[in-house]
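User: Could you walk me through this one, feature by feature? I'd like the general idea each time, and then the case at hand.

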Amino acid sequence: MRAAVHTSFGPPDVVQVVERPIPPVRRGDVLIKVHATTVTSAECAMRRGEPWWGRVILGLRRPRAHLRTLGLEVSGTVEEVGADVTAFSPGDEVFGFTGFAVGAHADYVRLPATGSLAPKPSSSTFVEAAAAVDGATTALFFLRDKAKLRPDQHVLINGASGSIGTYAVQLAKHLGATVTAVCGPSNVDLVRSLGADHVIDYTTHDFTADVGTYDIVFDTVTKSSFRDARRSLRTGGKYLPTTGLTNNLWALWTLLRGGKRVLVGMSVDKRAALPLISSLLESGELRVVVDRTYPLADIASAHRYVDAGHKRGNVVVTV
Ligand SMILES: NC(=O)c1ccc[n+]([C@@H]2O[C@H](COP(=O)([O-])OP(=O)(O)OC[C@H]3O[C@@H](n4cnc5c(N)ncnc54)[C@H](OP(=O)(O)O)[C@@H]3O)[C@@H](O)[C@H]2O)c1
(Lines give C-alpha, C1' and ligand atoms only; values in the text may rest on other atoms or scores of the structure.)
Protein backbone atom coordinates (compact mmCIF):
# COMPACT_ATOMS: atom_id res chain seq x y z
CA MET A 1 0.00 0.00 0.00
CA ARG A 2 1.01 3.66 -0.31
CA ALA A 3 1.88 5.53 2.88
CA ALA A 4 3.09 9.10 3.47
CA VAL A 5 6.21 8.75 5.60
CA HIS A 6 8.64 11.20 7.23
CA THR A 7 11.88 9.75 8.56
CA SER A 8 13.29 13.07 9.81
CA PHE A 9 11.80 16.20 11.38
CA GLY A 10 11.63 19.20 9.07
CA PRO A 11 9.75 21.13 6.35
CA PRO A 12 6.88 19.62 4.29
CA ASP A 13 9.31 18.04 1.80
CA VAL A 14 10.42 15.47 4.40
CA VAL A 15 7.07 13.75 3.73
CA GLN A 16 7.44 11.13 0.97
CA VAL A 17 4.82 8.72 -0.37
CA VAL A 18 6.36 5.22 -0.36
CA GLU A 19 5.24 1.56 -0.47
CA ARG A 20 4.64 -0.16 2.88
CA PRO A 21 3.04 -3.50 3.83
CA ILE A 22 -0.65 -3.42 4.83
CA PRO A 23 -0.78 -3.68 8.65
CA PRO A 24 -1.78 -7.20 9.81
CA VAL A 25 -5.18 -7.39 11.53
CA ARG A 26 -5.12 -8.63 15.15
CA ARG A 27 -8.08 -10.17 17.02
CA GLY A 28 -9.62 -6.87 18.18
CA ASP A 29 -8.76 -4.75 15.13
CA VAL A 30 -10.59 -3.23 12.22
CA LEU A 31 -8.69 -2.66 8.97
CA ILE A 32 -10.02 0.40 7.15
CA LYS A 33 -9.58 1.16 3.47
CA VAL A 34 -8.99 4.90 3.74
CA HIS A 35 -11.10 7.14 1.49
CA ALA A 36 -10.21 10.46 3.12
CA THR A 37 -8.00 11.81 5.87
CA THR A 38 -6.82 15.29 6.84
CA VAL A 39 -3.66 17.28 7.51
CA THR A 40 -4.07 19.18 10.77
CA SER A 41 -1.97 21.84 12.48
CA ALA A 42 -1.16 19.32 15.21
CA GLU A 43 0.32 16.90 12.68
CA CYS A 44 2.38 19.62 11.01
CA ALA A 45 3.87 20.38 14.43
CA MET A 46 4.61 16.65 14.87
CA ARG A 47 6.34 16.65 11.47
CA ARG A 48 8.46 19.63 12.52
CA GLY A 49 9.27 17.96 15.86
CA GLU A 50 7.60 20.75 17.81
CA PRO A 51 7.20 21.79 20.55
CA TRP A 52 10.71 20.88 21.76
CA TRP A 53 9.37 19.17 24.91
CA GLY A 54 7.14 17.02 22.68
CA ARG A 55 10.29 15.26 21.45
CA VAL A 56 10.07 13.05 24.53
CA ILE A 57 7.08 11.41 22.81
CA LEU A 58 7.83 12.14 19.13
CA GLY A 59 11.48 11.00 19.22
CA LEU A 60 14.54 12.95 20.33
CA ARG A 61 16.54 13.14 17.06
CA ARG A 62 14.14 11.61 14.52
CA PRO A 63 10.50 10.47 14.54
CA ARG A 64 9.88 7.21 16.35
CA ALA A 65 9.16 4.35 13.91
CA HIS A 66 5.43 4.15 14.74
CA LEU A 67 4.98 7.93 14.29
CA ARG A 68 6.46 8.20 10.80
CA THR A 69 3.12 7.89 9.01
CA LEU A 70 0.87 10.63 10.34
CA GLY A 71 -2.91 10.84 9.91
CA LEU A 72 -5.26 11.40 12.84
CA GLU A 73 -8.67 11.61 11.16
CA VAL A 74 -10.04 8.97 8.83
CA SER A 75 -13.13 8.02 6.88
CA GLY A 76 -13.35 4.88 4.83
CA THR A 77 -14.71 1.38 4.40
CA VAL A 78 -14.05 -1.58 6.69
CA GLU A 79 -11.92 -4.03 4.71
CA GLU A 80 -11.35 -6.72 7.33
CA VAL A 81 -12.13 -7.34 11.02
CA GLY A 82 -10.30 -9.40 13.65
CA ALA A 83 -11.75 -12.61 15.11
CA ASP A 84 -13.09 -10.88 18.25
CA VAL A 85 -14.81 -7.97 16.48
CA THR A 86 -18.61 -7.96 16.38
CA ALA A 87 -19.39 -4.23 16.18
CA PHE A 88 -18.12 -3.77 12.61
CA SER A 89 -18.26 -5.85 9.43
CA PRO A 90 -16.46 -5.64 6.09
CA GLY A 91 -18.12 -3.04 3.87
CA ASP A 92 -19.24 -0.75 6.75
CA GLU A 93 -18.62 2.94 6.11
CA VAL A 94 -16.90 4.45 9.15
CA PHE A 95 -15.17 7.58 10.44
CA GLY A 96 -12.78 7.86 13.36
CA PHE A 97 -9.61 9.02 15.06
CA THR A 98 -6.31 7.16 15.24
CA GLY A 99 -4.94 9.12 18.23
CA PHE A 100 -1.43 8.31 19.38
CA ALA A 101 -1.19 5.47 16.84
CA VAL A 102 -1.64 7.91 13.88
CA GLY A 103 -1.18 6.21 10.46
CA ALA A 104 -4.19 7.32 8.37
CA HIS A 105 -2.06 8.99 5.66
CA ALA A 106 -2.03 5.67 3.80
CA ASP A 107 -4.23 3.37 1.71
CA TYR A 108 -5.12 1.32 4.80
CA VAL A 109 -5.10 1.99 8.54
CA ARG A 110 -5.69 -0.36 11.46
CA LEU A 111 -7.76 0.72 14.48
CA PRO A 112 -8.91 -1.16 17.58
CA ALA A 113 -12.65 -1.84 17.26
CA THR A 114 -13.07 -0.38 20.76
CA GLY A 115 -11.28 2.85 19.76
CA SER A 116 -12.59 6.16 18.41
CA LEU A 117 -14.55 4.67 15.53
CA ALA A 118 -18.21 5.00 14.53
CA PRO A 119 -20.49 4.54 11.53
CA LYS A 120 -20.03 7.38 9.04
CA PRO A 121 -22.89 9.92 9.08
CA SER A 122 -25.12 8.89 6.18
CA SER A 123 -25.57 12.47 4.96
CA SER A 124 -21.84 13.24 4.82
CA THR A 125 -19.39 12.50 2.05
CA PHE A 126 -16.15 10.72 2.97
CA VAL A 127 -14.36 14.08 2.60
CA GLU A 128 -16.74 15.77 5.06
CA ALA A 129 -16.71 12.84 7.50
CA ALA A 130 -12.90 12.76 7.71
CA ALA A 131 -12.93 16.48 8.51
CA ALA A 132 -15.61 16.11 11.19
CA VAL A 133 -13.65 14.18 13.79
CA ASP A 134 -10.84 15.99 15.63
CA GLY A 135 -11.95 19.63 15.39
CA ALA A 136 -15.56 18.84 16.27
CA THR A 137 -14.84 16.48 19.17
CA THR A 138 -12.10 18.75 20.56
CA ALA A 139 -14.49 21.73 20.52
CA LEU A 140 -17.13 19.61 22.31
CA PHE A 141 -14.55 18.40 24.85
CA PHE A 142 -13.47 21.93 25.79
CA LEU A 143 -16.86 23.66 25.72
CA ARG A 144 -19.18 21.00 27.13
CA ASP A 145 -16.90 18.75 29.20
CA LYS A 146 -14.20 21.15 30.50
CA ALA A 147 -15.99 24.51 30.69
CA LYS A 148 -19.53 23.13 31.27
CA LEU A 149 -20.86 25.88 28.98
CA ARG A 150 -24.43 26.96 29.87
CA PRO A 151 -27.10 28.67 27.72
CA ASP A 152 -26.94 31.88 29.79
CA GLN A 153 -23.20 32.33 29.19
CA HIS A 154 -21.22 34.44 26.75
CA VAL A 155 -18.29 32.62 25.14
CA LEU A 156 -15.53 34.14 23.02
CA ILE A 157 -13.93 31.85 20.47
CA ASN A 158 -10.52 32.92 19.21
CA GLY A 159 -9.39 31.29 15.94
CA ALA A 160 -13.04 30.86 14.96
CA SER A 161 -12.15 30.18 11.30
CA GLY A 162 -9.89 27.19 12.03
CA SER A 163 -10.80 23.53 12.38
CA ILE A 164 -11.66 23.57 16.10
CA GLY A 165 -12.96 27.14 15.81
CA THR A 166 -15.56 26.53 13.07
CA TYR A 167 -17.02 23.68 15.13
CA ALA A 168 -16.71 25.61 18.41
CA VAL A 169 -18.89 28.45 17.06
CA GLN A 170 -21.59 26.00 15.94
CA LEU A 171 -21.46 23.79 19.06
CA ALA A 172 -21.54 26.78 21.42
CA LYS A 173 -24.69 27.97 19.62
CA HIS A 174 -26.10 24.42 19.82
CA LEU A 175 -25.49 24.56 23.59
CA GLY A 176 -27.45 27.83 23.66
CA ALA A 177 -24.66 30.30 24.49
CA THR A 178 -24.04 33.78 23.13
CA VAL A 179 -21.00 33.60 20.85
CA THR A 180 -18.40 36.19 19.96
CA ALA A 181 -16.09 34.86 17.26
CA VAL A 182 -12.61 36.26 16.59
CA CYS A 183 -11.09 35.85 13.12
CA GLY A 184 -9.22 37.69 10.39
CA PRO A 185 -10.95 40.06 7.89
CA SER A 186 -11.32 37.43 5.14
CA ASN A 187 -13.23 35.06 7.44
CA VAL A 188 -15.82 37.42 8.96
CA ASP A 189 -18.60 36.27 6.60
CA LEU A 190 -17.74 32.60 7.17
CA VAL A 191 -17.96 32.71 10.97
CA ARG A 192 -21.13 34.81 10.83
CA SER A 193 -22.67 32.17 8.55
CA LEU A 194 -21.80 29.54 11.19
CA GLY A 195 -24.02 31.37 13.68
CA ALA A 196 -21.76 33.73 15.63
CA ASP A 197 -23.73 36.52 17.35
CA HIS A 198 -20.82 38.97 17.27
CA VAL A 199 -17.64 38.93 15.18
CA ILE A 200 -14.32 40.59 16.02
CA ASP A 201 -11.67 41.10 13.34
CA TYR A 202 -8.41 40.53 15.20
CA THR A 203 -6.56 42.97 12.92
CA THR A 204 -8.68 45.91 14.13
CA HIS A 205 -9.70 44.99 17.68
CA ASP A 206 -7.93 43.18 20.55
CA PHE A 207 -10.56 41.18 22.45
CA THR A 208 -8.45 41.24 25.63
CA ALA A 209 -9.43 44.92 25.93
CA ASP A 210 -13.12 43.95 26.47
CA VAL A 211 -12.90 44.18 30.27
CA GLY A 212 -15.22 41.81 32.21
CA THR A 213 -17.20 40.69 29.15
CA TYR A 214 -16.93 36.91 28.70
CA ASP A 215 -17.74 33.91 30.88
CA ILE A 216 -15.46 31.74 28.78
CA VAL A 217 -12.58 32.54 26.43
CA PHE A 218 -11.80 29.52 24.24
CA ASP A 219 -8.56 30.23 22.40
CA THR A 220 -8.55 27.39 19.86
CA VAL A 221 -5.28 28.61 18.29
CA THR A 222 -3.57 29.74 21.54
CA LYS A 223 -2.65 33.16 20.12
CA SER A 224 -3.51 35.01 23.35
CA SER A 225 -2.16 34.60 26.87
CA PHE A 226 -4.02 34.21 30.15
CA ARG A 227 -2.05 37.18 31.46
CA ASP A 228 -3.83 39.42 28.90
CA ALA A 229 -7.10 37.54 28.40
CA ARG A 230 -8.05 37.30 32.08
CA ARG A 231 -9.17 40.94 32.23
CA SER A 232 -11.77 40.19 29.54
CA LEU A 233 -13.27 37.44 31.74
CA ARG A 234 -16.14 38.02 34.14
CA THR A 235 -15.72 37.01 37.78
CA GLY A 236 -15.31 33.23 37.92
CA GLY A 237 -14.62 33.09 34.17
CA LYS A 238 -12.65 30.35 32.45
CA TYR A 239 -9.80 30.56 29.92
CA LEU A 240 -9.39 27.53 27.65
CA PRO A 241 -6.20 27.31 25.56
CA THR A 242 -5.63 24.21 23.39
CA THR A 243 -1.84 24.03 23.80
CA GLY A 244 1.15 25.50 25.67
CA LEU A 245 3.40 24.40 28.51
CA THR A 246 2.92 27.72 30.32
CA ASN A 247 -0.83 27.21 30.26
CA ASN A 248 -0.42 23.93 32.17
CA LEU A 249 1.37 25.89 34.89
CA TRP A 250 -1.37 28.54 34.87
CA ALA A 251 -3.97 25.76 35.15
CA LEU A 252 -2.28 24.45 38.27
CA TRP A 253 -1.79 27.93 39.74
CA THR A 254 -5.44 28.98 39.20
CA LEU A 255 -6.68 25.65 40.55
CA LEU A 256 -4.80 26.30 43.79
CA ARG A 257 -5.65 30.01 44.03
CA GLY A 258 -9.30 29.91 42.88
CA GLY A 259 -10.99 32.78 40.99
CA LYS A 260 -10.62 32.92 37.22
CA ARG A 261 -9.48 29.52 36.02
CA VAL A 262 -7.26 28.22 33.22
CA LEU A 263 -8.52 24.82 32.04
CA VAL A 264 -6.32 22.61 29.87
CA GLY A 265 -6.72 19.08 28.53
CA MET A 266 -6.28 16.73 25.60
CA SER A 267 -9.17 15.30 23.67
CA VAL A 268 -7.97 11.81 22.77
CA ASP A 269 -10.84 9.35 23.30
CA LYS A 270 -13.45 10.46 20.79
CA ARG A 271 -15.60 7.32 20.89
CA ALA A 272 -18.40 8.71 23.07
CA ALA A 273 -18.55 12.02 21.17
CA LEU A 274 -18.72 10.66 17.61
CA PRO A 275 -22.41 9.57 17.67
CA LEU A 276 -23.48 13.08 18.79
CA ILE A 277 -21.35 14.71 16.09
CA SER A 278 -22.84 12.27 13.60
CA SER A 279 -26.42 13.10 14.56
CA LEU A 280 -25.75 16.87 14.43
CA LEU A 281 -24.31 16.43 10.93
CA GLU A 282 -27.29 14.35 9.84
CA SER A 283 -29.79 16.88 11.22
CA GLY A 284 -27.94 19.69 9.47
CA GLU A 285 -27.14 21.48 12.75
CA LEU A 286 -23.41 21.09 12.15
CA ARG A 287 -21.64 22.09 8.95
CA VAL A 288 -18.19 20.91 7.89
CA VAL A 289 -15.94 23.61 6.46
CA VAL A 290 -13.52 22.13 3.94
CA ASP A 291 -10.95 24.56 2.63
CA ARG A 292 -8.96 22.43 0.17
CA THR A 293 -8.51 18.79 -0.81
CA TYR A 294 -5.27 17.21 -2.03
CA PRO A 295 -4.58 13.72 -3.40
CA LEU A 296 -2.33 11.52 -1.22
CA ALA A 297 0.44 11.78 -3.84
CA ASP A 298 0.55 15.55 -3.20
CA ILE A 299 0.31 15.43 0.60
CA ALA A 300 3.47 17.52 1.01
CA SER A 301 1.56 20.44 -0.58
CA ALA A 302 -1.19 19.96 2.01
CA HIS A 303 1.44 20.20 4.76
CA ARG A 304 2.83 23.36 3.13
CA TYR A 305 -0.61 24.98 3.05
CA VAL A 306 -1.46 24.08 6.66
CA ASP A 307 1.99 25.23 7.84
CA ALA A 308 1.15 28.75 6.61
CA GLY A 309 -1.38 28.97 9.50
CA HIS A 310 -4.34 30.39 7.57
CA LYS A 311 -6.48 27.44 6.56
CA ARG A 312 -10.26 27.88 6.77
CA GLY A 313 -11.73 24.91 8.60
CA ASN A 314 -10.14 21.72 7.34
CA VAL A 315 -7.66 20.47 4.75
CA VAL A 316 -8.56 17.02 3.43
CA VAL A 317 -6.44 14.38 1.70
CA THR A 318 -8.28 11.99 -0.63
CA VAL A 319 -6.82 8.51 -0.84
N1 LIG B 1 -5.83 19.98 23.34
C2 LIG B 1 -6.33 19.19 22.40
O3 LIG B 1 -6.96 18.17 22.67
C4 LIG B 1 -6.12 19.55 20.95
C5 LIG B 1 -6.75 18.79 19.95
C6 LIG B 1 -6.58 19.16 18.63
C7 LIG B 1 -5.79 20.25 18.30
N8 LIG B 1 -5.16 20.95 19.29
C9 LIG B 1 -4.34 22.15 18.96
O10 LIG B 1 -5.24 23.17 18.64
C11 LIG B 1 -4.59 24.14 17.82
C12 LIG B 1 -5.57 24.67 16.79
O13 LIG B 1 -5.88 23.69 15.86
P14 LIG B 1 -6.82 23.99 14.60
O15 LIG B 1 -6.58 22.82 13.69
O16 LIG B 1 -8.18 24.31 14.99
O17 LIG B 1 -6.15 25.31 13.97
P18 LIG B 1 -6.14 25.76 12.47
O19 LIG B 1 -7.34 25.22 11.76
O20 LIG B 1 -4.83 25.44 11.85
O21 LIG B 1 -6.24 27.35 12.63
C22 LIG B 1 -6.14 28.13 11.49
C23 LIG B 1 -6.93 29.40 11.68
O24 LIG B 1 -6.32 30.19 12.70
C25 LIG B 1 -6.61 31.55 12.40
N26 LIG B 1 -5.67 32.46 13.02
C27 LIG B 1 -4.36 32.62 12.73
N28 LIG B 1 -3.82 33.59 13.51
C29 LIG B 1 -4.81 34.03 14.31
C30 LIG B 1 -4.88 35.04 15.33
N31 LIG B 1 -3.80 35.75 15.70
N32 LIG B 1 -6.05 35.23 15.96
C33 LIG B 1 -7.15 34.52 15.61
N34 LIG B 1 -7.15 33.57 14.63
C35 LIG B 1 -5.99 33.33 14.00
C36 LIG B 1 -6.52 31.61 10.90
O37 LIG B 1 -7.34 32.66 10.42
P38 LIG B 1 -6.70 33.85 9.52
O39 LIG B 1 -6.30 33.23 8.23
O40 LIG B 1 -7.81 34.83 9.39
O41 LIG B 1 -5.52 34.38 10.29
C42 LIG B 1 -7.00 30.24 10.44
O43 LIG B 1 -8.33 30.23 9.94
C44 LIG B 1 -3.32 23.49 17.32
O45 LIG B 1 -2.24 24.05 18.00
C46 LIG B 1 -3.49 22.02 17.73
O47 LIG B 1 -2.25 21.42 18.02
C48 LIG B 1 -5.31 20.63 20.60
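User: Let's begin with the open sheet: in what order do its six strands come, and is the pairing parallel or antiparallel?

Analyst: Keep in mind that this is a predicted model. A handy general idea for sheets: in a regular strand, side chains alternate between the two faces of the sheet. Here the six strands of the open sheet follow the order β10-β9-β8-β11-β12-β13, and they pair in parallel.

User: How many bridges join β9 to β10? And which residue in β10 does T180 stand opposite?

Analyst: Four bridges join that parallel pair, β9 and β10. Opposite T180 you'll find H198 of β10.

User: In which sense do β3 and β4 pair?

Analyst: Those two are antiparallel: β3 (residues 29–38) and β4 (residues 73–81) share seven bridges. To find your place, look for I32, whose bridge partner in β4 is V78. β4 also pairs with β5 (residues 93–97), again in the antiparallel sense, over five bridges. There, V74 has G96 of β5 as its bridge partner.

User: On to helices. Which residues of α1 are buried?

Analyst: The general idea first: an α-helix has 3.6 residues a turn, so residues three or four places apart point the same way. In α1, the buried residues are S41, E43, C44, M46 and R47. Among the elements covering them are β1 (2–6), β2 (15–19), α2 (55–58) and α10 (299–307). Just after α1, G49 has a positive phi of about 75°.

User: Why does F141 count as buried?

Analyst: F141 has 21 of them, so it counts as buried. F141 sits in helix α4. Leaving out residues up to four places away in sequence, F141 touches K146, G265 and S267.

User: Which domains does the protein have, and how far apart are their C-alpha centres?

Analyst: The domain assignment gives domain 1 (2–133 + 270–318) and domain 2 (135–262). Their C-alpha centres are 26 Å apart. Where the domains meet, 17 residues come from domain 1 and 14 residues from domain 2. On the domain 1 side, helix α9 (residues 274–282) gives the largest share, three residues. That side of domain 1 is made up of nine nonpolar, three polar and five charged residues.

User: What about the largest nonpolar core: how many residues does it have, and which have the most contacts inside it?

Analyst: That core has 95 residues, with I157 and A168 having the most contacts inside it. Both domain 1 and domain 2 give residues to this core, so it lies between them. Beyond its neighbours within four places in sequence, I157 has contacts that include G165, V179, F218 and T220.

User: Last one, the ligand. Which residues come nearest?

Analyst: Of the 31 residues around the ligand, S161, G162, I164, G184 and H310 come nearest. Sorted by class, the shell has eight nonpolar, 19 polar and four charged residues. At least two shell residues come from each of α1 (41–48), α4 (134–146), α5 (163–174) and β9 (178–183). Domain 1 and domain 2 each supply at least three residues to the shell.

Terms used: Residues numbered from 1 in each chain as written. Predicted model: local features only at pLDDT ≥ 70, side-chain atom pairs only at ≥ 80, totals over all residues. Near = placed C-beta within 6 Å. Nonpolar A, V, L, I, M, F, W, Y, C, P; charged D, E, K, R; others polar. Domains from an automatic or database assignment. Pairing = 2+ DSSP bridges. Buried ≥ 20, exposed ≤ 12 C-beta atoms within 10 Å, placed from the backbone. Contact = placed C-beta atoms within 7 Å. Core = buried A, V, L, I, M, F, W, Y, C linked by C-beta atoms within 7 Å.
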